[in-house]
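Please read the points below with the sequence and the model open beside you. They go from single terms to the chain as a whole.

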Amino acid sequence: ADAIKGVCDLQYIYLPKIRQGVQNGTIADLGNSMTPNIEKLMMMRPDAMFISPFENSGPHGKLGKLHIPIIECADYMETHPLGRAEWIRFYGLLLGKRHEADSIFSAVEKSYNGMKAHAARQKTRPKVVTEMKIGGTWYVAGNKSTVGILISDAGGDYIFSDVASAGAVPYSPEQAFIKAQKADFWLIKYNQATDMTMEELAEAWASNKYMEAYKRGNVFGCNLAKTGFYEETPFHPDVLLREYINILHPGTQKRHTMKYYNRIK
């Protein structure tokens, strides 16, 4: 099949390749995904539109009335890490790269399952908690979520494994802390110009310094301002799994440079 000329939501304009494409005209900036520039979109006359749909969103408003084929890309709704990665096969079919896409996914699947088997052979399963208090809420990932599955596959004991959900569940910080404080390792994602320090973490909320992982120095952070975490890991969950294993079971794999997470100091 010929490659499809399409347009997509430019959520991550800071990515170098996307920024470059906008500058040289090969990628069009159609504005906010919730209120796109309809007139500019119509002038482009795309063959198709790639859209990440909201759950039960139904028709796509004005976009649905343009008579331009809409291709819903719901990869973010997959719960298993490999389920998300397999969407590359879908894009491969659309863009005439079926064999290349199948080959990429097969390599990722093999790598992921190999590391999962390696983690299963470890003698310990340290307790793990993720994220932190933001405002007046601590969002807890459910045990059926990508995060919950990755931690389990990395040989960890997710501290909120009893939360039966495929998404994030809002908890009061005090309620989450009761369990979170017992975790051996603490994995945090944040977005700021400089890497977070243990001092900043303690200042963010007084209770943070009473976390067992904080006391042991086992807090690992991923600075979203400096990494392509959300853009890259859906198609390479094996890379993220390797990092989790390196954190939870240090020294059990060949030396690997961390790409996303680093120990907060």
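1. A residue is called buried when its relative accessible area is under 20%, exposed when it is over 50%, and partly exposed in between, with a 1.4 Å probe and protein chains only. C73 is buried, with a relative accessible area of 4%, and C222 is buried at 0%.

2. This is a predicted model, in which local features need pLDDT of at least 70, side-chain atom pairs count only at pLDDT 80 or more, and totals for chains, interfaces and linings use all residues. Residues are numbered from 1 along each chain as its sequence is written, and side-chain values use heavy atoms, with hydrogens and water left out.

3. How many disulfides does the structure hold? It holds zero, where a disulfide is counted as a pair of cysteine sulfur atoms within 2.5 Å. In general, a disulfide is a covalent bond between the sulfur atoms of two cysteines.

4. The chain has 11 helices and 11 strands. Both are DSSP runs numbered from the N terminus: helices are H or I with at least four residues, strands are E with at least two.

5. For R45, phi is near 50°; R45 sits in the loop between α2 (38-44) and β2 (48-51). For E131, phi is about 60°; E131 lies in the loop between β4 (127-130) and β5 (133-134). Is each of them buried or exposed? R45 counts as exposed because its relative accessibility is 66%, whereas E131 counts as buried because its value is 17%.

6. The largest nonpolar core has 54 residues. Such a core is a set of buried Ala, Val, Leu, Ile, Met, Phe, Trp, Tyr and Cys residues joined through side-chain atoms within 4.5 Å. V129, W138, F160, W186 and Y261 touch the most other members. Helix α11 (residues 237-248) gives this core its largest share, seven residues.

7. Buried residues make up 42% of the 265 residues in the chain. Of the contacts (heavy atoms within 4.5 Å) with a separation of 6 or more, 63% join residues 24 or more positions apart. Along the principal axes, the C-alpha atoms fill a box of roughly 60 × 40 × 35 Å.

8. The chain has 32 positive and 28 negative side chains, and the centres of the two sets lie 5 Å apart. Lys and Arg count as positive, Asp and Glu as negative, while His and the chain ends are not counted. Each charge is placed at NZ of Lys, CZ of Arg, CG of Asp or CD of Glu.
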